Amino acid sequence: MSGTAPRRSAMPTTLLLTCAALGVAGGLLLAPANWLSTVLLSLGNPTLSVAITGLWVLPSVIALRLLRQPLVGILVGIIAGLVIVPFSGYGFYSVITNASWALPAELPFMLVLWRYWKTWMHYAGAAVLGVVYPLFSWEFFHMGSQPLWSQILFFAVTFASCIGATALGILIADRLRAAGVGRR
């Protein structure tokens with residue numbers, strides 16, 4: 001023995017395994033949601049499709065709330081994206097999509113260098129996502145050709161979906177913590 005203390009990992013194995021479990025569970029939820037979203041979009045009303053968009057942030061919110069560690073939201077999002085790859089018509093773009101949904105969830109905590117873990121910060125990330133996603137997807141959904149009421153509804157439904165999924169993620173994480181998951 002060399003007399004040096006064993007080196008501690010930056011991310012303990014239990015943390016990584018919990019992230020993997022949350023990512024796989026998220027992927028199993030998002031695989032059918034991905035197809036459902038495609039079907040809803042084919043019905044011709046983009047607002048139907050964005051009604052479930054908040055589901056893409058759900059795994060990351062659960063991870064961030066439960067584990068309160070830097071980058072777990074993005075890691076869980078990437079894992080969920082990898083799970084979806086074989087079931088999605090979008091292939092590895094699913095990984096990029098899930099990582100991009102995880103980033104706004106992680107962003108409020110990143111801005112304070114992961115020193116504060118307040119509930120309102122989860123909702124701040126959801127609010128940013130609920131406003132930014134419709135702007136980024138405006139052309140994809142051809143929202144410029146929609147009537148004003150439909151454009152407003154598109155924003156409102158996306159915003160509500162992100163806030164609702166965040167509330168659900170907080171609830172799930174709190175229940176998991178009460179059951180002993182995520183404790184160190």
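Guide: Helices here are DSSP runs of H or I, at least four residues long, while strands are E runs of at least two, and both are numbered from the N terminus. One of them, helix α5, spans residues 93-111 and holds Ser-94. Bear in mind that this is a predicted model, where local features need pLDDT of at least 70, side-chain atom pairs count only at pLDDT 80 or more, and totals for chains, interfaces and linings use all residues. Residues are numbered from 1 along each chain as its sequence is written, and side-chain values use heavy atoms, leaving out hydrogens and water.

So, is Ser-94 buried or exposed? With a relative accessibility of 6%, Ser-94 counts as buried (buried is under 20% relative accessible area, exposed over 50%, partly exposed in between, using a 1.4 Å probe and protein chains only). Leaving aside residues up to four places away in sequence, Ser-94 touches Gly-81, Ile-84 and Ser-88, where contact means heavy atoms within 4.5 Å.

Now the rings: the structure has 6 aromatic pairs. Tyr-133 and Phe-141 make an edge-to-face pair, because their ring centres sit 6.5 Å apart with planes at 75° (Phe, Tyr and Trp rings, the last by its six-membered ring, pair if centres lie within 6.5 Å; planes under 30 degrees apart are stacked, over 60 edge-to-face, the rest tilted). Phe-140 and Phe-141 are also edge-to-face, with centres 5.0 Å apart and planes at 85°. Phe-141 is buried at 6% relative accessibility, whereas Phe-140 is exposed at 55%. Ring pairs join Trp-101, Tyr-133, Phe-140, Phe-141 and Phe-154 into a cluster.
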